[in-house]
Amino acid sequence: MVDLADLLDKAHALDDADPLRGFRDRFLTPDGSDIVAYLDGNSLGRPALATAERMDRFIREQWGRQLIRGWTEGWFDWPEEVGNRLGRVALGADPGQVVVADSTTVLLYKLARAAVDARPGRTEIVLDTDNFPTDRYLLEGIAAERGLTLTWIDTDPAEGITDDQVAGAVGPNTALVVFSHVAYRSGYLADAAAITRTAQDAGALVLWDLSHSVGSVPVHLDSWNADFAVGCTYKYLNGGPGSPAFGYINRRHHGHVRQPIWGWIGHRDPFAMGPGYQPADGVRSMLSGTPPILAMVPLLAGLDMLEEAGIDAVRAKSLRLTDYALELVDAWLLAHGVELASPRHPDRRGGHITVRRNDFREINTHLWHRGVIPDFRAPDGIRLGLAPLSTSFTEVHHGLSTLAELVASKR
């Protein structure tokens, strides 16, 4: 085993040289916390200190003082205003194309249904076998509803979807393709621009799930010429458990696609409350029910930090973190029957890496008991989610040294 002290010295040096190191002190660490290393920022980000302050201020000064007047004094426009900011800071999307609402599952359903209905006569949806379960289940349901066929691309769980695979799967019957920009299991970073071109050249529409990339990897929806996108805000954006999702509709589709859940907030004149549904103009037509205003407050705190840091600096640190984690994996784990289940090449690697061994379900439980918190993904993967704004290199060292100790002891 490579000397732990040398690798710890390297972690300290990387932390000292980290231009984003000041952000780590802006996250809440409760007194008496038992956390030694939090390596699950790609499932649930840490809460920002500013979140507690903003929530308290919102409750006392806006909800408490404005009461119902808050809707006419600003809240009603939050889904689009927060969406515009998210588009600018993290999605590479011009204003008027992103809305914040619902959960990822609900928005994914709305966008996918709108997309297949916008391609009448086409009978296929293309997806991959290792996409996130909700994406697969939901598309199975839509295919059953609309009498469509699913065309499955068999992807390696240690990698992800490629442009060549998409080119071999799409054709004149393809209505929609749905993939994740960063694979939830392996962290594989897809070539979204190339895949989008390939699918669109076949006449299909493209829906990207950005849940594991937004806030960690630069996204350029407009320059990709993407049709639709969806994602959550509770991972790298630190929006908190159950924070609302976002949906993107490229401006060229406005007025031409119609989502299936018609509610009063998505009506052109919601307070008229008359007969018949007329969708609102633009991306606001994706709304259905009352916007989750209170749940957007933590997201605003997360966007403040991301905008201040800059997504390019965040990506640069993300790569340094995963490079260092890979160095520890090579030094400490591979000799003990552990396999790397993520890409080594930085151009194909998102913000997390996964390692595999057949007893990792049990080992992950021991890690949690010792204050090291990654997550487990069946059947045998431990996923290391390294959030650039809140994770230190020393924290990565502590977490992986504990994993190495357990792996060696359970040979």
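Author: Helices α2 and α10 cross in a right-handed sense. A crossing gets that label if the near helix is turned clockwise from the far one by less than a right angle, and is left-handed if the turn is anticlockwise. The model is predicted, with local features needing pLDDT of at least 70 and side-chain atom pairs counting only at pLDDT 80 or more, while totals for chains, interfaces and linings use all residues. Residues are numbered from 1 along each chain as its sequence is written, and side-chain values use heavy atoms, with hydrogens and water left out.

Helix α2 covers residues 49-66, and its axis comes within 9 Å of that of α10, at a crossing angle of roughly 140°. Helices (H or I, at least four residues) and strands (E, at least two) are DSSP runs, numbered from the N terminus. The axes are lines fitted to C-alpha atoms, for helices over the stretch in contact, and the angles between N-to-C directions run from 0 to 180 degrees. α2 and α10 are therefore oblique to each other, given that angles under 35 degrees count as roughly parallel, over 145 as roughly antiparallel, 65 to 115 as roughly perpendicular and the rest as oblique.

On the α2 side, the contact (heavy atoms within 4.5 Å) involves Ala50, Thr51, Arg54, Met55, Phe58, Ile59 and Trp63; they meet Ile293, Leu294, Val297, Pro298, Leu300, Ala301 and Asp304 in α10. By type, eleven residues of this contact are nonpolar, one is polar and two are charged. In that count Ala, Val, Leu, Ile, Met, Phe, Trp, Tyr, Cys and Pro are nonpolar, Asp, Glu, Lys and Arg are charged, and the others, Gly among them, are polar.

The largest nonpolar core has 55 residues, and Trp78, Leu86, Leu91, Phe179, Trp208, Leu210 and Leu221 have the most contacts inside it. Helix α10, residues 293-309, contributes nine residues to this core, the most of any element. A nonpolar core is a set of buried Ala, Val, Leu, Ile, Met, Phe, Trp, Tyr and Cys residues joined through side-chain atoms within 4.5 Å. Buried means under 20% relative accessible area, exposed over 50%, and partly exposed in between, with a 1.4 Å probe and protein chains only. Leaving aside residues up to four places away in sequence, Leu86 touches Leu91, Val98, Val100, Val214, Leu237, Phe246 and Leu303. Another core lies apart from this one, with 33 residues that include Val116, Val178, Ile249 and Met286.

The loop between β8 and α10 holds Met273. Its phi is positive, near 55°, although Met273 is not a glycine. Met273 counts as exposed, at 62% relative accessibility. Asn238 also has a positive phi, of about 60°, without being a glycine. Asn238 sits in the loop between β7 (228-231) and β8 (245-249) and is buried, with a relative accessible area of 7%. Most residues other than glycine have a negative phi, and most peptide bonds are trans. The bond from Ala378 to Pro379 is cis, with omega near 10°.

A further packing involves α11 (residues 311-332) and α13 (residues 393-409), whose axes are 10 Å apart at an angle of about 25°. They are therefore roughly parallel to each other, and their crossing is right-handed. Lys317, Arg320, Leu321, Tyr324, Ala325, Leu328 and Trp332 of α11 meet Phe393, Val396, His397, Leu400, Ser401 and Ala404 of α13. The residues of this contact comprise nine nonpolar, two polar and two charged.

Helix α13 also packs with α12 (residues 360-369), at an angle of about 130° and with the axes 10 Å apart. That angle makes α12 oblique to α13, and the crossing of the pair is right-handed. From α12 come Phe360, Ile363, His366 and Leu367, and from α13 come Thr402, Leu403, Leu406 and Val407. Six of the residues in the contact of α12 with α13 are nonpolar, two are polar and none is charged.
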